[in-house]
Amino acid sequence: MKKGKIVAGVLAPHPPHLVYGENPEQNEPKSDGGWEALRWAYERCRRSVLSEAPDVLLVHSPHWQTIVGHHVLGLERFQGLSVDPIFPHLFRYHYDLRVDVELSQMIAEEGAHQGLTMKVMKNPNFRIDYGSITSLHLMNPAWNIPVVCISSNNSPYYFSNEVGQEQMIRLGQATKRAIERSGKRCVLLASNSLSHRHFTSEPDLPEDMSHEHIYHHGQYLWDMKVLELMREGRCQELLDILPEFIDMSAAEVKAGSLAWMLSALDVPTYPAEIHGYGTVIGTGNAVVEWKTQPGGAL
Amino acid sequence: MKKGLVESIYLVSGMPHILLASEKSKGWDSLKSSYAQIEEEIARSDADLILYFSTQWMSVLGYMFQGDPAPEWEHVDPNWYDFGSMKYQFRVDCDFATKYAQEVHRLGHNTKVVNYKGFPIDTGTIVVQKLLNPRNEKLAGMVSCNIYAEKVEVTSVGRAALRALETSGKRAIVVLVSNLSNRFEITEIDPRLDKISSLKDDEWNRKILELLAEGRLEDVSQTAREFSRQANADMGFRGIWWLSGLCGQTNSFSGRVFDYQPVWGTGAALVGLYPTHPILPLPEDEDVDSEEGSQAALVSEMVDSRHVQVNESLMMDPHSSKAPEPVGAYPHARRYGNLLFLSGVGPRKRGTKEIPGVQMDEFGNVREYDVVAQTHSVIDNVKVILEEAGSSLDKILDVQIFLADMKRDFPLFNRVYGERLGSYGATRTTVEVGALPTPIAVEFKVIAQP
């Protein structure tokens with residue numbers, strides 16, 4: 001069997017506002033738009049990624065939080081209604097997704113070989129988290145590509161950011177080996193924002209863009225520093241400063257998604273494509289693509 | 001006694017293990033049985049509603065209030081899904097929810113009354129509601145836990161609930177859904193061997209429970225920050241601020257600890273508090289932040305073992321799984337307050353009667369022994385006992401040494417001691433004794449910090 005490969009990795013943030021602003025039929029609330037800079041960035045990224053005709057989209061989401069180990073979905077299909085617990089007025093999304101159970105299983109096996117605690121989730125009543133759904137919708141609104149959803153195990157971060165990151169790097173390596181074994185062409189989605197301090201109130205009309213800006217200039221500087229490293233292909237340096245970035249800007253990368261993806265991509269030394277940057281209730285968000293070189297990351 | 005607005009108050013754990021998997025652990029099963037006692041108390045009460053504050057319902061844009069009169073779903077916990085699904089349909093007091101939201105809004109906070117099909121009710125509230133109010137005989141009120149709010153704000157939001165009860169003409173049972181220490185075991189465990197994940201957490205939990213058993217709710221509220229720092233309390237233990245604010249910021253309660261058990265390493269307790277004076281709304285302008293001058297003294301009381309009345313039945317006697325089996329009816333170590341006392345430790349290895357460095361003749365008499373090997377082995381045994389009790393060699397405060405032959409062995413023993421323990425600065429006393437219980441040449445008696 002031909003060796004599988006990662007065709008692209010994407011920093012794919014999941015503010016539900018972006019789905020709300022788009023008004024897809026699956027989402028109950030309707031808007032006048034909003035957050036176009038980020039939504040258009042997603043459109044550009046989507047065209048690029050889908051042109052590779054991937055077999056599977058893998059998403060690592062901060063909003064499927066697990067305490068004991070890293071979990072993957074283990075049933076072929078999940079349907080249901082996902083309601084955002086913080087922004088229920090923006091996101092009530094009817095989803096219907098297919099899971100690549102074979103690849104999920106392989107990731108669980110490879111993770112276990114790495115010494116990680118891994119579990120395969122097989123409860124049919126399980127509700128998919130809004131973070132996974134948002135990133136997956138924005139990357140492929142047709143939902144015609146099977147997915148793998150990986151939980152965010154924050155427990156190692158109890159000890160320190162460095163300890164947590166070390167574990168995410170091993171999970172990324174395990175994911176890469178599983179993809180190689182599978183023979184499939186895969187896209188990785190790291191579903192997190194950058195700086196994550198945010199306003200604690202919102203305008204009466206949520207999509208009123210006159211209220212939208214970065215929470216704090218210091219956050220903006222950190223976001224730009226991180227994006228510059230991505231643009232220049234200096235991802236080892238990026239990994240090195242992520243623990244500090246987390247502390248300085250409450251960055252959502254603490255969920256481990258970005259470290260997981262960079263590790264699976266073999267820590268890119270080539271430039272990433274920044275499709276766009278924007279804020280959502282004060283948080284910093286960027287849509288960033290690493291399209292792997294001929295021969296891929298593998 | 002004149003009736004107040006709050007009939008009784010409970011602090012409970014919302015871990016799904018208790019509802020869905022109690023058969024896997026004696027501790028979980030015990031909690032479920034204790035829940036049944038509280039359920040009976042509530043069933044006998046004539047309160048109009050049960051008001052829940054769960055640390056597992058987290059909000060960041062102010063406060064949310066459940067406003068769906070009949071929410072229903074089949075809930076699956078994102079981590080503990082193997083235990084099964086929780087199908088529910090609840091009855092919610094929407095009139096109270098609206099009034100409570102109005103009162104909190106008047107304080108200047110964002111509020112949202114949520115009434116959406118499928119809005120996720122948190123695991124903790126579901127677990128507790130199914131255990132305490134399984135037939136929906138009482139209406140429920142549910143308010144979120146703002147993860148950014150500090151003491152003054154949370155306390156004032158608690159107080160606002162009283163005003164909402166007064167304006168709605170209702171009496172409530174109040175339930176705080178929160179663990180004590182919240183340090184999970186982060187790998188798979190055998191539920192039968194579940195234990196509080198650190199002895200320090202356990203000790204702090206017990207101190208908190210002693211105060212609650214005396215009805216000292218406001219005192220516990222004052223110490224929440226220190227408790228949280230020391231024992232990783234659930235969500236900073238901010239739920240206790242809400243509870244205390246709602247209950248008048250007093251210690252005027254009788255308390256009852258129904259149960260205290262580990263659930264996957266966390267401290268899960270069931271506590272009842274019963275007002276000894278009617279709880280009525282306080283004037284809105286009364287100072288909420290009353291901790292000045294009292295918090296420091298309380299924390300001092302809690303961390304100073306001389307002032308802590310430790311309930312000995314609650315204390316653990318650490319038994320080591322690696323040190324040699326005791327030769328009598330005693331534990332390897334015993335903790336009291338901030339001290340850890342070790343029984344006399346010899347050089348034997350666990351699972352064998354052989355003594356390192358000892359050669360016996362065919363009659364079982366000692367032919368030769370090596371005090372260097374024995375001293376190393378004693379220190380190895382002390383090390384594992386300390387570590388299994390959450391301590392370490394560098395926390396030794398005092399050592400008494402018993403040698404069977406001072407003249408012959410002291411120089412060699414003293415060299416090993418200096419190499420292994422000399423840098424830690426513990427006080428030491430060395431004496432020669434006529435005999436030790438087994439044919440050993442050296443034994444240590446250690447006192448350490450846990």
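1. A residue is buried if 20 or more other C-beta atoms lie within 10 Å of its own, exposed if 12 or fewer, and partly exposed in between, with C-beta atoms placed from the backbone. Helices (H or I, at least four residues) and strands (E, at least two) are DSSP runs, numbered from the N terminus. With these terms, look at helix α8 (residues 257–264) of chain A: 8 of its 8 residues are buried. They are A:Ser257, A:Leu258, A:Ala259, A:Trp260, A:Met261, A:Leu262, A:Ser263 and A:Ala264.

2. A word on the source. The model is predicted: local features need pLDDT of at least 70, side-chain atom pairs count only at pLDDT 80 or more, and totals for chains, interfaces and linings use all residues. Residues are numbered from 1 along each chain as its sequence is written, while chains are lettered from A and ligands numbered from 1 in the order in which they are written.

3. What does α8(A) pack against? Its buried residues meet β1 (5–11), β2, β7 (147–153), α5 (161–182), β8 (185–190) and α7 (235–249) of chain A. Contact here means that the C-beta atoms of two residues, placed from the backbone, lie within 7 Å. Just after α8(A), A:Asp266 takes a positive phi of about 65°.

4. Now take A:Glu273, in strand β9 (residues 273–280) of chain A. Is it buried, partly exposed or exposed? A:Glu273 has 16 C-beta neighbours inside 10 Å, so it counts as partly exposed. Leaving out residues up to four places away in sequence, A:Glu273 touches A:Val288, A:Glu289 and A:Lys291. A:Met106 is 167 residues from A:Glu273 in sequence and 30 Å from it in space, C-alpha to C-alpha.

5. Next, the contact between the chains. Chain A and chain B each put in 21 residues. On the side of chain A that touches chain B, β2 (56–66) and β4 (77–83) of chain A each supply at least two residues. β2(A) gives the most, with 3 residues. The residues on this side of chain A divide into 10 nonpolar, 8 polar and 3 charged. For these classes, Ala, Val, Leu, Ile, Met, Phe, Trp, Tyr, Cys and Pro count as nonpolar, Asp, Glu, Lys and Arg as charged, and the others, Gly among them, as polar.

6. Chain B as a whole comes next. Its secondary structure comes to 12 helices and 17 strands. The C-alpha trace spans about 85 × 50 × 40 Å along its principal axes. Of the 450 residues of chain B, 49% count as buried. Among contacts in chain B with a separation of 6 or more, 80% join residues 24 or more positions apart.

7. Chain B is assigned two stretches: domain 1 (6–314) and domain 2 (333–448). Such bounds come from an automatic or database domain assignment. The C-alpha centres of the two domains of chain B lie 48 Å apart.

8. Why is strand β7 (residues 139–146) of chain B described as largely enclosed by the rest of the structure? The reason is that 8 of its 8 residues are buried. Two strands pair if DSSP finds at least two bridges between them. Strand β2 (residues 49–59) of chain B pairs with β7(B) in the parallel sense, over 7 bridges. B:Ile50 stands opposite B:Ala140 of β7(B).

9. Look also at the open sheet of 5 strands in chain B. The order is β11-β12-β17-β15-β16, and the pairing is mixed. β11 (333–336) and β16 (427–432) of chain B are the edge strands, each pairing on one side only. From one strand to the next, the twist averages 15°. Strand β15 (residues 396–403) and strand β17 (residues 442–448) of chain B run antiparallel, joined by 7 bridges. B:Asp398 has B:Ile447 in β17(B) as its bridge partner.

10. Two helices lie across strands of this sheet. α12(B) lies across β15, β16 and β17 of chain B, at about 155° to β15(B). Axes are lines fitted to C-alpha atoms, for helices over the stretch in contact, and angles run from 0 to 180 degrees between N-to-C directions.

11. Last, how these helices meet. Helix α11 (residues 371–388) and helix α12 (residues 406–421) of chain B pack at an angle of about 35°, with their axes 9 Å apart. The residues of this contact divide into 8 nonpolar, 2 polar and 2 charged. Among those in α11(B) are B:Val371 and B:Ile379, and among those in α12(B) are B:Leu412 and B:Phe413.
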